[in-house]
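Please read it alongside the sequence and the structure shown here.

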Amino acid sequence: MDFVVRIAEGFIGMFQEGGDTFMGMVTDIIPLLIVLITAVNAVVRFVGEERVTRFAQKLTKYFILRYTLFPILAVFFLTNPMAYTFGKFLPEKQKPAFYDSAVSFVHPITGLFPHANPAELFVYLGVSAGLTTLGMPLGPLALMYFVTGVVVILIRGILTEIITVRMMKKQGLLEDE
């Protein structure tokens, strides 16, 4: 009988934990996102959407900046998950590649700039704990995470854009350029 009670308690406990997680999102993440979205939209309106779009278009004219500097700025200033909203300034064919680059950068930035994605900090801290135990410095690790991340987001951005453009052409959504 004790076994059945433990199963029942575990079953309901799973849903209680899910409810606690949901309430954490409702009281922490959702209000944060709403405030960030409101602030970003306000800045865009104050500056002017045309100006912001022109700046983004100049910054993203070359693929090397589009898939390095643009996602770095997005993740640094807007943090995860708001960083992905920068994609609204790009043409449709570049949005998936930008998202791929930005989402791939939310972990590598945490060693130098933990504010960008504190939820991913545990991974970096786990690795850095080993180095600390060995008496090794953390600066080179954080820098290598960052640099490696930039290389990876560039490669992913380029490949994803190539794949996206091919798929869009195949589906007749994009004219041959």
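A residue is called buried when its relative accessible area is under 20%, exposed when that area is over 50%, and partly exposed in between. Met167, at 47% relative accessibility, therefore counts as partly exposed. The model is a predicted one.

Met167 is located in helix 7 (residues 139-170). Met167 also contributes to a nonpolar surface patch of about 850 Å², together with Leu112, Phe113, Leu143, Val147, Val151, Ile155, Leu159, Ile162 and Ile163.

Helix 2 (residues 49-59) has the buried residues Val52, Ala56 and Leu59. These residues are on the same side of helix 2, because the arc they cover around the axis is only 65 degrees. Exposed residues, namely Glu50, Arg51 and Lys58, are found on the other side of helix 2.

**Aromatic pairs**

There are nine aromatic pairs in the structure. One of them joins Phe70 and Phe86, whose ring centres are 5.2 Å apart; with the planes at 40 degrees, the pair is tilted. Phe70 belongs to helix 4 (residues 69-78), whereas Phe86 is in the loop between helix 4 and helix 5 (95-105), so this pair ties together parts 16 residues apart in sequence. Phe70 and Phe86 are both buried.

Phe76 and Phe113 form an edge-to-face pair, because their planes stand at 85 degrees, with ring centres 4.9 Å apart. Phe76 is in helix 4 and Phe113 is in the loop between helix 5 and helix 6 (121-133), so parts of the chain 37 residues apart in sequence are tied together. Phe76 is partly exposed at 26% relative accessibility, and Phe113 is partly exposed with a relative accessible area of 31%. One aromatic cluster is formed by Phe76, Phe77, Phe105, Phe113 and Phe146.

Which residues of helix 5 are buried? They are Ala97, Phe98, Asp100, Ser101, Ala102, Ser104 and Phe105. Helix 4 and helix 7 are included in what covers these buried residues.

Thr110 is placed in the loop between helix 5 and helix 6. With 0% relative accessibility, Thr110 counts as buried. Leaving aside residues up to four places away in sequence, Thr110 touches Asn117, Glu120, Leu121 and Tyr124.

**Salt bridges**

Side chains of opposite charge can pair when their charged atoms come close. The count of salt bridges in the model is four. The table lists examples.

| Salt bridge | N to O distance |
|---|---|
| Arg6 and Asp2 | 2.9 Å |
| Glu161 and Arg66 | 3.2 Å |
| Arg156 and Asp100 | 2.6 Å |

Arg156 is partly exposed, its relative accessible area being 38%, whereas Asp100 is buried at 12%.

The salt bridge between Glu161 and Arg66 links distant parts of the chain, with Glu161 in helix 7 and Arg66 in helix 3 (residues 63-66), 95 residues apart. Glu161 and Arg66 are both buried. Arg6 and Asp2, by contrast, both lie in helix 1 (residues 2-47), where they are four residues apart, about one turn of the helix.

Conventions
Residues numbered from 1 in each chain as written. Predicted model: local features only at pLDDT ≥ 70, side-chain atom pairs only at ≥ 80, totals over all residues. Heavy atoms only, no water. Buried < 20%, exposed > 50% of the residue type's maximum accessible area, 1.4 Å probe, protein only. Helix = DSSP H or I, 4+ residues; strand = E, 2+ residues; numbered from the N terminus. Arc of directions from axis to C-beta. Patch = residues over 30% accessible without salt bridge, like charges linked within 9 Å, V, L, I, M, F, W, Y side chains within 5 Å. Areas by Shrake-Rupley, 256 points an atom, 1.4 Å probe, with all protein chains shown as cover. Salt bridge = Lys/Arg side-chain N within 4 Å of Asp/Glu carboxyl O. Phe/Tyr/Trp six-rings, centres within 6.5 Å; stacked < 30°, edge-to-face > 60°. Contact = heavy atoms within 4.5 Å.
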